[in-house]
Amino acid sequence: MDIFTRLDPTKTYTTPQLQLILGAWVLSGFVDPGTKVSTTNGHVAEDDYTKQSIYSLLYSLYRSVGIVEGDTGESYEFTFNTWGYAWPEAWGKCPILSSDPQRFGRIAYTGLYQFNEIQEYVKARNGRVHVIEMGCGTGAGAHHVCHNVLPDCTYEAVDMQKAAIETCRRKFVPGLRGRLVATHSDATKLSIPDGTADFVAVNETHVTEMVGIVTPEDERFFRTAYRLLKPGGFLTWGNAIPDVTWQPCFDFLKSIGMKQVEVRDVTKEAILARDLDAGRADAYVRHVLDKFPAFRVPVVGAKKRLEAKLAMENFYRNPGTNLYQNMVDRTDTYKVVLFQKPA
């Protein structure tokens with residue numbers, strides 16, 4: 001069983017199914033002793049995984065693990081699959097409680113709407129704006145925005161991972177009385193009419209990851225964002241990606257008619273967030289791994305547990321991992337950018 005490439009994003013794996021899947025992966029170590037995971041920094045090469053399989057596994061795991069206790073004693077359900085960043089001092093007082101275990105995810109979503117142009121746009125419409133998020137994960141960010149950032153908005157949260165959308169529908173949609181809709185779909189294949197959204201939000205969605213190029217998938221993604229926006233609407237986008245990929249993305253967006261409004265570099269704050277969040281991430285990884293007896297199988301269990309631990313920590317950009325170091329040396333940079341569709 002290759003958990004890095006073989007899992008299906010249209011399925012939600014139950015706990016018994018996950019026990020079988022991870023058990024098969026552990027036992028495969030008897031037959032194939034090789035590994036796709038660096039045992040020094042958790043790196044997994046691009047050709048050795050698909051994002052569809054990895055996210056199918058992660059979102060099913062998050063649902064299966066449920067409520068856990070964080071490193072500070074606060075109980076929470078892992079729903080912000082988001083690196084995030086610390087609140088920049090230049091933005092004033094942070095509106096997110098420092099005791100919130102998932103505060104950096106909330107900050108990342110709040111930061112999408114900190115631009116003066118967005119705030120003026122919202123004020124001019126008395127807060128009644130419509131957001132479409134492309135790649136929403138569990139919808140935790142959508143819920144946060146609807147409650148705390150744009151309390152009069154309507155919101156459609158879109159993700160290709162069934163497990164993530166089911167979490168959104170279970171945990172976040174019911175309390176918003178129709179203001180939040182969760183849609184299971186490839187974001188580039190939406191049937192939503194043109195010119196529907198005041199804002200298209202993209203928060204750490206796994207596109208634009210190839211070094212220095214805009215792929216055909218990225219082009220479809222951006223063209224969809226353009227199509228969905230009303231004239232005068234905004235694409236607000238935050239992520240950590242290869243630094244040399246930002247400019248090709250900006251150039252492509254301009255080529256399809258978008259206007260660059262502002263670019264904010266929050267890499268320093270993203271590194272700080274990972275430093276401050278390391279204890280919680282470490283504790284969560286332990287919660288996940290302890291849930292699966294397969295990791296206690298003699299000989300191969302400990303080896304596969306180490307691989308799983310390092311791969312998850314790298315995915316979370318924990319200190320000491322490859323993806324964390326990429327931010328430190330600015331191979332990857334975290335930026336929050338704003339583009340506008342001309343009126």
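Helices (H or I, at least four residues) and strands (E, at least two) are, in this talk, DSSP runs numbered from the N terminus. What I present is a predicted model, in which local features need pLDDT of at least 70 and side-chain atom pairs count only at pLDDT 80 or more, while totals for chains, interfaces and linings use all residues. Residues are numbered from 1 along each chain as its sequence is written, and side-chain values use heavy atoms, with hydrogens and water left out.

Let me begin with the overall fold. The protein has 11 helices and nine strands. Its radius of gyration, taken over C-alpha atoms, is 20 Å. That agrees with the value near 20 Å for a compact globule of 343 residues, the rule being 2.2 Å times the number of residues to the power 0.38. Of these 343 residues, 57% are buried; buried means under 20% relative accessible area, exposed over 50%, and partly exposed in between, with a 1.4 Å probe and protein chains only.

I turn to the surface. Valine 31 belongs to helix 1, residues 15-31, and counts as exposed because its relative accessibility is 74%. Together with Leu27, Phe30 and Val299, Val31 forms a nonpolar surface patch of about 460 Å² accessible area. Such areas come from the Shrake-Rupley method with a 1.4 Å probe, where for residues only the protein chains shown count as cover. Patch members have over 30% relative accessible area and no salt bridge, with nonpolar side chains (Val, Leu, Ile, Met, Phe, Trp, Tyr) joined within 5 Å and like charges within 9 Å.

Next, the charged pairs. How many salt bridges does a search of the whole structure find? The search finds 19, each a side-chain nitrogen of Lys or Arg within 4 Å of a carboxyl oxygen of Asp or Glu.

One of them joins lysine 230 to aspartate 198, with the closest N and O atoms 3.3 Å apart. This pair links distant parts of the chain, 32 residues apart: lysine 230 is in strand 7 (residues 229-242) and aspartate 198 in strand 6 (residues 197-203). Lysine 230 is partly exposed at 29% relative accessibility, whereas aspartate 198 is buried at 3%.

Lysine 303 and glutamate 307 also meet in a salt bridge, at 2.6 Å from N to O. They are separated by about one helical turn because they lie four residues apart in helix 10 (residues 300-315). Here lysine 303 is partly exposed at 34%, and glutamate 307 is buried at 2%.

Finally, Arg63, Lys162 and Glu166 are linked in a salt-bridge network.
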